[in-house]
Amino acid sequence: MKKILVTGGAGFIGSHLVRLLVKKYPDTLFVNLDLLTYAGNLANLTDIQDYPNYEFVKGDIVDEEFIMATFDAYQFDGVIHLAAESHVDRSIASPKEFIMTNIVGTVNLLNAARFYWKDKYEGKRFYHVSTDEVYGSLGDEGKFMETTPYDPRSPYSASKASSDHLVRAYHHTYGLPVVISNCSNNYGPNQFPEKLIPLIINNIRHSKPLPVYGQGTNIRDWLYVEDHAKAIDLIYEKGVDGETYNIGGNNERQNIDIVKTLCRIIDRQLGRPEGESEKLITYVKDRAGHDLRYAIDATKIYENLGWQPEVQFNDGFEKTVAWYLENEKWLDEVTSGNYLKYYEKMYRDR
Ligand code: NAD
Ligand code: TYD
């Protein structure tokens, strides 16, 4: 049986990907290796936990011995690497964990793949999942292409850029068969409510202020998470070794528009008077070094592999809001305990 290691499979994007893969490829064993940090949650995967081609292993990619022992035990044919510290604000407050997990952790996985594949790369693949934030910040014009020079500007994006470079270096130096994708902002069910969309939904639910950084005019390109998972599956199966693919939603929005849209949808879905939630919008101190605009040119993945987003923004947003409102228990659980301390610290002085 073919065996694929997915790291970070209990997180937001990872859980959608693992669910897709486990159901689609019953003859492949998927091992989900995840440390279950604050962002990892096995409740995201209850529907597949008993599938015979799925296993969960709890562990830290920074722990070199553990990673080597796990490769030794399973003899993986492939790796899809998503485990990361992923939140920009946390990286500004505390960069070190980002260096450890995103850079050192990635190198541990690269070394293990190299060691156990012993230069016999037939049928093997190391897929590194990355972000468009490595390209820096755009002005009003232009889009990120695969050829855009790297210009990371937050500790998070610098750590991801570093890991991307290392993955490419292992390809050029040792011939490791790698693929990389750089994707824009994802939204959808199961996202930890430190990120803009679930944080706003959760705050509206509790009639708490909705913190909009700066003027709310920064722009992100939003993609529904299941479309990202489908792109990863396609690239893993059909991508070309050594290549990079940009993935985007072709769906640029200013943050303030995102927040207002969420207010409107939630007021309607909860039967609240129109305009009620918008009153909660509060402009707060801007994020340090806040990137102005991200936008992806996804021509390459469209022309070479035939991928394009399937979920329209309006449908995706309706579905996403409905999921959080129907899964209040999930939200309540992840926003208790340490979340309250995080929120207080991150938003107190804004
Ligand atoms: P997430 O924060 O929701 O999940 C990260 C997962 O990694 C969690 O399950 C966590 O427990 C696990 N993890 C963290 N440190 C670990 C460690 N040391 N060892 C093992 N597991 C560890 O992140 P996400 O939003 O699902 O992002 C997944 C990947 O996709 C990341 O590499 C991120 O850089 C990339 N990405 C995210 C987005 C986005 O919009 N969220 C966009 C593009 C790329
Ligand atoms: P975020 O979800 O943290 O993703 P990223 O920083 O990786 O793009 O933030 C998305 C945008 O929303 C970003 O421009 C920062 C902004 N933002 C707010 O205005 N308020 C908030 O409380 C958060 C978390 C983000």
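Predicted model: local features only at pLDDT ≥ 70, side-chain atom pairs only at ≥ 80, totals over all residues.
I will start with ligand 1. There are 28 residues around ligand 1, and those that come nearest are Asp-34, Asp-60, Ser-86, Tyr-156 and Lys-160. For one of these, Asp-60, a polar side-chain atom sits 2.8 Å from a nitrogen atom of the ligand. Thr-101 also places a polar side-chain atom by a nitrogen atom of ligand 1, at 3.1 Å. With Asn-186 the backbone is involved: one of its N or O atoms is 2.9 Å from an oxygen atom of ligand 1. On its own, ligand 1 has 840 Å² of accessible area, and the protein covers 97% of that.

Which elements supply at least two residues each to this shell? They are α1, residues 12-24, then β5, residues 125-131, then α5, and finally β7, residues 185-187. Of the contributors, β5 gives the most, with three residues.

Now ligand 2. Here the surrounding residues number 19, with Glu-133, Arg-220, Arg-287, His-290 and Tyr-347 the closest. Two of those reach oxygen atoms of the ligand through polar side-chain atoms: Arg-287 at 2.5 Å, and Tyr-347 at 2.7 Å. On the backbone side, a polar atom of Pro-211 lies 2.9 Å from a nitrogen atom of ligand 2. The accessible area of ligand 2 on its own is 510 Å², of which the protein covers 98%.

The shell around ligand 2 takes at least two residues from each of α3 (88-93), α6 (196-205) and β8 (210-213). The largest share is from β8, again three residues.

Last, the arginine. Arg-168 is in helix α5, which runs over residues 155-174. That is the α5 I listed for the shell of ligand 1. Arg-168 is buried, and it has no salt bridge. How far away is the nearest side chain of opposite charge? That side chain belongs to Asp-164, and the distance is 4.8 Å.

What does the side chain of Arg-168 make a polar contact with, then, at 2.8 Å? The partner is the side chain of Thr-244. A second polar contact, at 3.2 Å, joins Arg-168 to the side chain of Tyr-150. Leaving out residues up to four places away in sequence, Arg-168 touches Tyr-150, Ile-180, Asn-182 and Thr-244.

That is the end of my part.

How values were computed:
Residues numbered from 1 in each chain as written. Chains lettered and ligands numbered in written order. Heavy atoms only, no water. Helix = DSSP H or I, 4+ residues; strand = E, 2+ residues; numbered from the N terminus. Buried < 20%, exposed > 50% of the residue type's maximum accessible area, 1.4 Å probe, protein only. Lys, Arg positive; Asp, Glu negative; His and termini not counted. Salt bridge = Lys/Arg side-chain N within 4 Å of Asp/Glu carboxyl O. Polar contact = N/O pair within 3.5 Å; in protein donor to acceptor, adjacent residues only side chain to side chain. Contact = heavy atoms within 4.5 Å. Near = heavy atom within 4 Å. Areas by Shrake-Rupley, 256 points an atom, 1.4 Å probe, with all protein chains shown as cover.
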